Amino acid sequence: MAGDIVPIELGITEGNAFTLWAPRWREGDDEWEAFLGLDEDLYGFASVAELVAFIRSGDDNDLVEHPAWNTVVGLKADELEPAEDKSFDLIAVPELASEDPTPEVIAKLEDVLEIVRIIGEVCELTPITKFFNGNPILGAVTTGTRNFQGRDGEELWGRIGTLIDKRWDDVVDAIDEVITSPEVDADLVSVAEAEILAAASAEDEDEPDEDIELIDGESDDTDSDDDDDDLDDDDDEDDDDDEIDEDDFWASVGIDPIQIITADGEFFTLRCYLDDDPVFLGARGKIFAFPSHRALERFLADDNEHDLSVVSTFEEIQVAATDGSLEIEVYEDNVYVLPGLTEDIADGPRRIDRRQLELAVELFTDAADFADDDSVAEALGSTTPLGWFVNYALNPDPKRLAPSPPFDNESEAWRALEHEFETRLDKKRG
């Protein structure tokens, strides 16, 4: 989960501050997260041009050791303008929390709360860490609109708004105090401003002219006919897409290719469900795992003994593998990424990638069921610390007590599950 360096904009008391954020990245066994700054200071600049000037100045900062720093230094000035979803208005948070809890409002509030929480952790700002650690109801914002439906939901949203109204000034003050703006070379600023202006002008020139006049009395009917033709073409394309979906080979045989990414690399195998029971390409509880599509295809073309051979449609896979028409296509929901979860669990349920965790739980559970082993179900039972942690991380509920740090035991228990899963893989050569 090596991260990039992302330009962001923070709306603070003195105006907008532009800076860089490096989401968590790993170097060996160490994990880091940082903002542009040095020691106790977080650097924020009044304009993108000033930010660019500082980056190009070569001055020391906490991000120079980041693996992507040299890439950032070489970016064009306009490429360091924050994306729309990376602009966080801290000052508007109380007003935002006073609005109705629509999906858009909740999403904006979640984004701002998350970046502020991260700043608090990275910069070790006690007012911010106390604000989040002492108010677990803020976790309700991360689960979308479902927590704010009905009378209880309205009450919960009101409590969050009241909390923010009372305490948010302390949060903003803490960030105001840590942000500093180093002096930058005026010539470098001018160069960056010129680049940004030139990029904006080029973008304007590329935009099509919407005010197109009709020629020789042509009526809108002609355009309408063309539009109808376009719609017909679109319908044809949609029909083609539908046909592709209906004729999807893997859907027709009811067996899915899956991709498993471990610390040792990526592997491919097959899985299906018979009467809701998972069956992998494997035997005696072992899952055959192949380092490439081609290696898997070669195996499927031969007569090998494995548990999927009893599936009635497997013969179709073997025929396709033999005549060379088989293509291994892995859908997104069948990609399982295991590295990083152990460390993420140690950081707590709010830092976890819920989708990654959910998929890993599915994979571990399926593999254990395939081997007729109850160990995963027992380890993830509701009475175990890890089971409680996982359940809360996947289904956060502000009405119940959140797991309490430290999470070392949960992290080690997960590491054991991951190790146990990897012993179930029979890794084949390429």
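## Asparagine 135

Asparagine 135 is buried in this predicted model, because its relative accessible area is 15% (buried means under 20% relative accessible area, exposed over 50%, partly exposed in between, with a 1.4 Å probe and protein chains only). Asparagine 135 sits in the loop between α5 (126-133) and α6 (150-178); helices (H or I, at least four residues) and strands (E, at least two) are DSSP runs, numbered from the N terminus.

What does the side chain of asparagine 135 meet? One of its polar atoms lies 2.6 Å from the backbone oxygen of phenylalanine 131. Setting aside neighbours within four places in sequence, asparagine 135 touches Lys130, Leu163 and Arg167, where contact means heavy atoms within 4.5 Å.

## How the model is read

The model is predicted: local features need pLDDT of at least 70, side-chain atom pairs count only at pLDDT 80 or more, and totals for chains, interfaces and linings use all residues. Residues are numbered from 1 along each chain as its sequence is written, and side-chain values use heavy atoms, leaving out hydrogens and water.

## The chain and its confidence

The chain holds 16 helices and 14 strands. Of its 430 residues, 41% count as buried. Among contacts in the chain with a separation of 6 or more, 65% join residues 24 or more positions apart.

The average pLDDT of the chain is 85, and 86% of the residues score at least 70; pLDDT is the predictor's confidence in each residue, from 0 to 100. Over residues 210-224 the pLDDT is below 50, and this stretch has three contacts in the model beyond near neighbours in sequence. Residues 236-246 also stay under 50 in pLDDT, with zero contacts beyond four places in sequence.

## The cavity

Across the whole structure, a search finds one cavity of 30 Å³ or more. On a 1 Å grid over the protein atoms alone, a cavity is a set of points where a 1.4 Å probe fits but cannot get out, while a pocket is an open set with protein on both sides within 12 Å along at least five of seven lines; lining residues have an atom within 4 Å of a point. Grid points are joined across faces, edges and corners, and a volume is the space filled by probe spheres set on the points.

The largest cavity holds about 40 Å³ of space. Its lining consists of Glu110, Leu113, Glu114, Leu138, Val141, Thr142 and Arg350. By class, these are three nonpolar, one polar and three charged residues (Ala, Val, Leu, Ile, Met, Phe, Trp, Tyr, Cys and Pro count as nonpolar, Asp, Glu, Lys and Arg as charged, and the others, Gly among them, as polar).

## The second largest pocket

The second largest pocket has a volume of about 350 Å³. Of the 17 residues in its lining, Glu33, Ala34, Asp39, Asp62 and Val122 lie nearest its centre. Which strand gives the most to this lining? That is β3, with four residues; β2 (15-27), β3 (30-35) and β5 (41-43) each supply at least two. The lining has seven nonpolar, two polar and eight charged residues.

## Two aspartates with positive phi

Aspartate 39, one of the residues nearest the centre of that pocket, has a positive phi of about 55° although it is not a glycine. Aspartate 39 is placed in the loop between β4 (37-38) and β5, and counts as exposed because its relative accessibility is 64%.

Aspartate 276 likewise has a positive phi, near 70°, in a residue other than glycine. Its place is the loop between β9 (265-274) and β10 (277-280). With a relative accessible area of 71%, aspartate 276 is exposed.

Terms used: A polar contact is a pair of N or O atoms within 3.5 Å; within protein, one must be able to donate a hydrogen and the other to accept it, and residues adjacent in sequence count only if both atoms are side-chain atoms.
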